[in-house]
Amino acid sequence: MIGDYRFMKYLLVIIILCSCARAPLENREDSMRASSFPALQDALTKESFFIALRKHIDVMKTSRMVKDPLVFGKTKISKDAYIKSLESIFVNEANWLTWIAENFDAHEVYGKDEWGEVLATGYYEPKVQGALIRSEEFSQPLYSAPLDLVTLDLRKFAHKFSKEDRLGQLQGRVENQNFLPYYDRKAIDVDWKLKDRGLEIAWVRPIDAFFIQIQGSGVVEFSDGSVMRVGYDGQNGHSYVAIGKFLTDHIPLSEMSMQKIKAHLLTLNKDEQQLILNKNPSYVFFKKLESDALTYAGMEVSPGRTIATDLHLFPKGAMAFLDIEEPVFDSTDSMVPVKWVKVPRLVFDQDTGGAIKGGGRVDLYFGQGDIASQKAGVMKQKARLYYLVPKFFR
């Protein structure tokens, strides 16, 4: 799954400090409401939509992560009915946007400061250099999930808690019959707690390993030209901590971006780099992938069409309309966009992420490589998000 721990979480710190957000949502029923239909537009290609739609439907039919029914606030629709509504778009391909506008209702999300408004960030799939054996340059392993990583589902013990308690899952390890927190980043990367277990998938540069973990997937390219794609396969259970907030002496908050954080880290020696990286105790484990990176719901990612939202509030498998701006740069190595342009599009809610919480957050997948990284690294724009609910398949 991509993006379980998105780098852009540090932007939430800015939002909390600098604005007065709405009260947090307490339940799914209040996550969205029926609204007037927006002026439906799609600035991406028609071909990209129908390719994404076909992949989405094919996996949605069998995915256990797409729940039945799909819940849109107070409106519910069966999974089978929703799939039929999506399949009907193919029959009306010639006038697809008009047909969707006439046959679906819009539901605006709860939002950050007002209904429909969300903070939009971006994620991507990094491509980095690496090796199959350790070297001075490629000194950091990407680990597969360790066998002693245990998940405790507190919801199975709900009778032990009050109704006010919000129950979820905990990751940890068992030692002397005690359930303990799993090793944090320092214990894994500095104290080598996972050494000699045969968990190393590939070796990369430490900074590259960190940002592959933030994005949740990546591609490792070896010296012979071969590549290995890796995807999310678990997390150590520690809360994500954004390292950007420890760098404000070097990077103003208003200019904070993934590119500038990387650039600053590269000015430090390896020990100084590691001290900063250790500020984030969260650690992600990987598995080798034979296909494109997979989302939480099981679909392959679709650049520009896949979004991640709060799993507990919004329905995986749903189609939505995202009215959003994208950055434009004057060169491929620029860290600051010269302008922002409107690029509205239809999207599919397929993913989730540890930093993507609440009724006013969305994360857009930009794709693989440098251009995707450049765009995703500066995304922190207001956007509008509407879920589309079929009128005639309920």
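Reader: Hi! Which helices each supply at least two residues of the lining of the largest cavity?
Author: Hello! In this predicted model, those helices are α5 (185–189), α6 (206–215) and α8 (270–277).

Reader: Nice. Which helix gives the most to that lining?
Author: That would be α6, with 4 residues.

Reader: And what residues line the largest cavity?
Author: The lining is made of Gln140, Arg185, Asp189, Pro206, Ala209, Phe210, Gln213, Gln274, Leu277 and Tyr283. By class, that gives 5 nonpolar, 3 polar and 2 charged residues.

Reader: What volume does the largest cavity have?
Author: About 40 Å³.

Reader: OK, and how many cavities of 30 Å³ or more are there?
Author: The count comes to 2.

Reader: Switching topic: at what angle do the axes of α2 and α3 cross?
Author: Helix α2 (residues 46–60) and helix α3 (residues 79–91) cross at roughly 155°, and their axes come within 10 Å. Angles over 145 degrees count as roughly antiparallel, so α2 is roughly antiparallel to α3.

Reader: Is that crossing left-handed or right-handed?
Author: The crossing of α2 and α3 is left-handed.

Notes:
Residues are numbered from 1 along each chain as its sequence is written. This is a predicted model: local features need pLDDT of at least 70, side-chain atom pairs count only at pLDDT 80 or more; totals for chains, interfaces and linings use all residues. Side-chain values use heavy atoms; hydrogens and water are left out. Axes are lines fitted to C-alpha atoms, for helices over the stretch in contact, and angles run from 0 to 180 degrees between N-to-C directions. Angles under 35 degrees count as roughly parallel, over 145 as roughly antiparallel, 65 to 115 as roughly perpendicular and the rest as oblique. A crossing is left-handed if the near helix is turned anticlockwise from the far one by less than a right angle, and right-handed if clockwise. On a 1 Å grid over the protein atoms alone, a cavity is a set of points where a 1.4 Å probe fits but cannot get out, and a pocket is an open set with protein on both sides within 12 Å along at least five of seven lines; lining residues have an atom within 4 Å of a point. Grid points are joined across faces, edges and corners, and a volume is the space filled by probe spheres set on the points. Ala, Val, Leu, Ile, Met, Phe, Trp, Tyr, Cys and Pro count as nonpolar, Asp, Glu, Lys and Arg as charged, and the others, Gly among them, as polar.
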